[in-house]
Amino acid sequence: MRKFGSVLVLMLLMGLSGCNPAASDAQSVAVSHAATDDSQAIPAIEWRLATSWPKNFPGLGMAPERFAHLVNDMSNGRLKIHVYGAGELMPAFAVFDGVSQGKIQMAHAASYYWKGKAPAAQFFSSIPFGMTAQEMNGWLHYGGGMALWDEVYRPFGIIPLAGGNTGMQMGGWFNKPINTIADFKGLKIRMPGLGGEVLKRVGAIPVNMAGRELYGALQTGSIDAAEWVGPLNDLAFGLHKVAKYYYYPGWHEPGSNMEFLINKAAFESLPQDLQAIVKVAARAINQDMLDEYTTRNVAALETLVNDEGVVLKAFPPKVLLELEKISKQVIEEQANQDPLMRKVYAAYHAYEQGVRQYHKISEDAYSQQRQH
């Protein structure tokens with residue numbers, strides 16, 4: 001971990017992150033003394049970070065843990081971040097308010113959970129038939145996405161940073177096959193965000209619940225189906241023990257971006273160098289999570305299919321075409337109801353159109369050829 005931190009310090013020194021104006025003179029003096037005279041060490045700044053995931057859960061839960069270690073190493077212990085899993089300090093879906101109200105300094109979650117507070121937030125996680133992880137990272141960091149994300153969260157006193165991506169997700173777990181769009185009718189399914197709104201249009205009953213509740217809900221029949229993330233996390237939760245069919249692709253979340261939420265006042269009270277460390281560590285974890293899921297999903301899927309007897313099934317093309325058509329309608333309708341959501345959607349859509357055209361002659365063309 002220290003080697004990883006050293007590499008990121010080099011990145012920091014190369015100027016990868018932008019910083020706010022200098023902190024107070026008192027803070028600057030304290031930092032100066034700490035850097036030049038170890039005998040005059042100042043007390044560490046301690047933050048609390050609550051997540052929407054179980055403590056140390058593979059992938060999602062480990063990202064904030066690794067982030068905290070990086071910040072500690074890169075700051076030489078001057079900024080210590082204590083990580084709490086869902087339910088330890090507050091419920092999984094209470095972390096946004098916790099950061100906004102200053103009860104905690106940070107959180108790690110997914111932005112589509114906050115659609116009731118800020119409808120435009122959904123574009124910064126994943127939308128049905130939207131951008132992939134690679135495309136999302138391009139839009140956020142070089143296509144103007146982060147500036148829009150800042151604008152959406154500004155009224156809540158929150159600074160967002162990209163906090164990892166699971167990549168293309170799976171379509172979910174079902175106890176009956178999906179052969180036509182009519183098979184969704186009456187199906188009680190765990191699916192958050194815009195994907196849930198799309199399924200509601202075809203007669204399903206979408207519900208939102210924390211990941212740790214899914215096993216029990218499927219086991220008791222309180223829900224009929226559930227999507228979570230993908231093989232790595234689904235295997236960890238044991239969802240294959242309570243559902244028979246595992247569908248793909250994850251049309252609803254083709255590149256699920258996670259987020260670090262930071263209380264704005266707490267962040268701006270940090271010395272300039274610690275602000276930079278927080279930003280650079282988050283940027284590193286953003287890539288690290290995608291790397292881990294890309295690798296570990298392979299082995300997890302082999303275990304599910306070869307050792308656990310899971311039935312892997314593709315959604316029929318006609319079903320996907322119908323879902324895509326409805327998705328466009330739902331997104332357009334919701335965007336027209338909220339000016340800020342409309343603004344974000346226009347920017348998202350414009351970037352997506354451009355990157356799709358490029359990927360037709362690059363990523364897509366290569367993938368098609370490789371399959372032959």
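Glu197 is partly exposed, with a relative accessible area of 21%; partly exposed covers the range between buried (under 20% relative accessible area) and exposed (over 50%), using a 1.4 Å probe and protein chains only. Keep in mind that this is a predicted model, where local features need pLDDT of at least 70, side-chain atom pairs count only at pLDDT 80 or more, and totals for chains, interfaces and linings use all residues. Residues are numbered from 1 along each chain as its sequence is written, and side-chain values use heavy atoms, with hydrogens and water left out.

**Salt bridges**

- Glu197 has a partner: Lys200 forms a salt bridge with it, and their closest N and O atoms are 3.7 Å apart. A salt bridge here is a side-chain nitrogen of Lys or Arg within 4 Å of a carboxyl oxygen of Asp or Glu.
- Lys200 and Glu197 are about one helical turn from each other, because they sit three residues apart in helix α7 (residues 193-201). Helices (H or I, at least four residues) and strands (E, at least two) are DSSP runs, numbered from the N terminus.
- Lys200 is partly exposed too, at 46% relative accessibility.
- In helix α10 (residues 264-268), Lys264 and Glu268 are four residues apart, about one turn of the helix. They form a salt bridge with the closest N and O atoms 2.7 Å apart.
- Lys264 counts as partly exposed at 32% relative accessible area, and Glu268 does as well at 38%.
- Over in helix α11, Glu292 and Arg296 are again four residues apart, about one turn, and their side chains meet in a salt bridge (3.0 Å, N to O).
- Glu292 is buried at 12% relative accessibility, whereas Arg296 is partly exposed at 46%. Salt bridges with shared partners tie Arg66, Asp288, Glu292 and Arg296 into one network.
- The whole structure holds 15 salt bridges.

**The sheet**

- Six strands make an open sheet in the order β7-β6-β8-β5-β9-β11, with mixed pairing. Two strands pair if DSSP finds at least two bridges between them.
- β7 (205-207) and β11 stand at the edges with a single partner strand each, so one side of each has no neighbour in the sheet.
- Strand β5 (residues 172-174) runs antiparallel to strand β9 (residues 245-248), and three bridges link them. In this pairing, Phe174 is opposite Tyr245 and Gly172 is opposite Tyr247.
- On to the next pair: β9 and strand β11 (residues 311-314) pair in the parallel sense over four bridges.

**The nonpolar core**

- The largest nonpolar core has 109 residues, and Phe67, Phe184 and Trp228 have the most contacts inside it. Such a core is a set of buried Ala, Val, Leu, Ile, Met, Phe, Trp, Tyr and Cys residues joined through side-chain atoms within 4.5 Å.
- What does Phe184 touch, not counting residues up to four places away in sequence? Its contacts include Phe174, Ile178, Leu199, Phe315 and Leu323. Contact means heavy atoms within 4.5 Å.

**Buried residues worth a look**

- Asp234 lies in helix α9 (residues 231-237). Asp234 is buried but has no salt bridge, and the nearest side chain of opposite charge, Arg190, is 8.4 Å away. For charge, Lys and Arg count as positive and Asp and Glu as negative, while His and the chain ends are not counted.
- Beyond four places in sequence, the contacts of Asp234 include Trp173, Trp228, His240 and Tyr246.
- Phe237 lies in helix α9 as well and is buried at 16% relative accessible area. Among its contacts, leaving aside neighbours within four places in sequence, are Pro54, Phe57, Tyr215 and Trp228.
- Glu352 lies in helix α13 (residues 339-360) and counts as buried at 7% relative accessibility. Leaving aside residues up to four places away, Glu352 touches Phe129, Gly130 and Met131.

**The chain overall**

- The chain has 14 helices and 11 strands, and 50% of its 372 residues count as buried.
- Of the contacts with a separation of 6 or more, 78% come from residues 24 or more positions apart.
- The accessible surface is about 16500 Å², with 53% belonging to carbon and sulfur atoms. Accessible areas come from the Shrake-Rupley method with a 1.4 Å probe, and for residues only the protein chains shown count as cover.
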